[in-house]
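User: I am new to this structure. Could you walk me through it?

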Amino acid sequence: SINILSFLLLSSTLSLVAFARSFSSENPIVLPSTCHDDDNLVLPEVYDQDGHPLRIGQRYIINNPLIGAGAVYLYNIGNLQCPNAVLQHMSIPQFLGEGTPVVFVRKSESDYGDVVRVMTGVYIKFFVKTTKLCVDQTVWKVNHEGLVVTGGQVGNENDIFKIRKTDLVTPEGSKFVYKLLHCPSHLQCKNIGGNFKNGYPRLVTVDDDKDFLPFVFIKA
C-alpha cells in the first residue's frame, strides 16, 4: 500500500510540473480583453481653407464656396434690440457683403486653442462688437421654426453643433469642404441648409441628409 501511495504522489507531482510548464512564458494564459480598439481612435481634424486645423477660440469666416453663394453673417430683421438672424450672403445686390467672424467654443475655457475635430460638439458664437444688453446674444441655436438664430447658451446641450467632412471640392480645388449639423441632446442631428424666408436667405435645419449647405472656414 505504501508503494501504491508513493506512486500516486509521484504521478501527481509530475502532472503538476507538466501543467505548470504548459503555461510558461512561451505559452502564456491569454484572458479576454476588456479594452476596445475603438477607444483609441482619434477623430480627424477639421481644417480651414488653407489646410490648417481649426482651433477653439480662434476667429473664422464660414463661407459657402459655391458660385453665387457667400459668407454667413449676423443681421437684424425687424429692428430688434439684439440682432439674431443668421443669414448667408449671395451674389445679388441686396445680399452682397462680408461675413461676420465666428469662434468655436466649448464649456470649459481650458479647451481654448484645442483642435476642432469632426463630429465633436462645439458651440458657435459670433465674434462681434455689441452692447451690454446683447453681449450674451451671440451664440447660435435653432428656434422652434427650425431657423438658426442667436440667443443660445454655452453649456446648453440643445445648442450644440457638429462639423462633418463632405466629398465636395471647391472651384479652387480645396478638399476641405464641410457641412454643419445641429445636434441637440438626445435627438438626431440635422443638417444645416438654406431657405428663403420672408425674403431673407436664412440658415435652417433640414431633414433630408442629402440637402445641406457646403462650407469652408477662412481664418479671420
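Here are some questions and answers about this predicted model.

User: What is the mean pLDDT of the protein, and over which residues is the pLDDT below 50?
Analyst: Let's begin with confidence: 82% of the residues reach a pLDDT of 70 or more, and the mean for the protein is 85.

User: How many helices and strands does the secondary structure come to?
Analyst: Reading from the N terminus, the order is α-β-β-β-β-β-β-β-β-β-β-β-β. The total comes to 1 helix and 12 strands.

User: Which residues touch the most other members of the largest nonpolar core?
Analyst: This core holds 27 residues. Elements giving two or more residues to the core include strand S1 (59-63), strand S4 (102-105) and strand S9 (178-182). The residues that touch the most other members are Ile62, Phe104, Trp140, Ile163, Leu180, Leu203 and Phe217.

User: How many residues are in the second, separate core?
Analyst: Val103, Tyr123, Val139 and Ile160 are included in this second core. Its size is 5 residues.

User: What percentage of the residues count as buried?
Analyst: The protein exposes about 13900 Å², with carbon and sulfur atoms supplying 54% of that area. Of its 220 residues, the share that counts as buried is 35%.

Terms used. Residues numbered from 1 in each chain as written. Predicted model: local features only at pLDDT ≥ 70, side-chain atom pairs only at ≥ 80, totals over all residues. Heavy atoms only, no water. pLDDT = per-residue confidence, 0-100. Core = buried A, V, L, I, M, F, W, Y, C linked by side-chain atoms within 4.5 Å. Buried < 20%, exposed > 50% of the residue type's maximum accessible area, 1.4 Å probe, protein only. Helix = DSSP H or I, 4+ residues; strand = E, 2+ residues; numbered from the N terminus. Areas by Shrake-Rupley, 256 points an atom, 1.4 Å probe, with all protein chains shown as cover.
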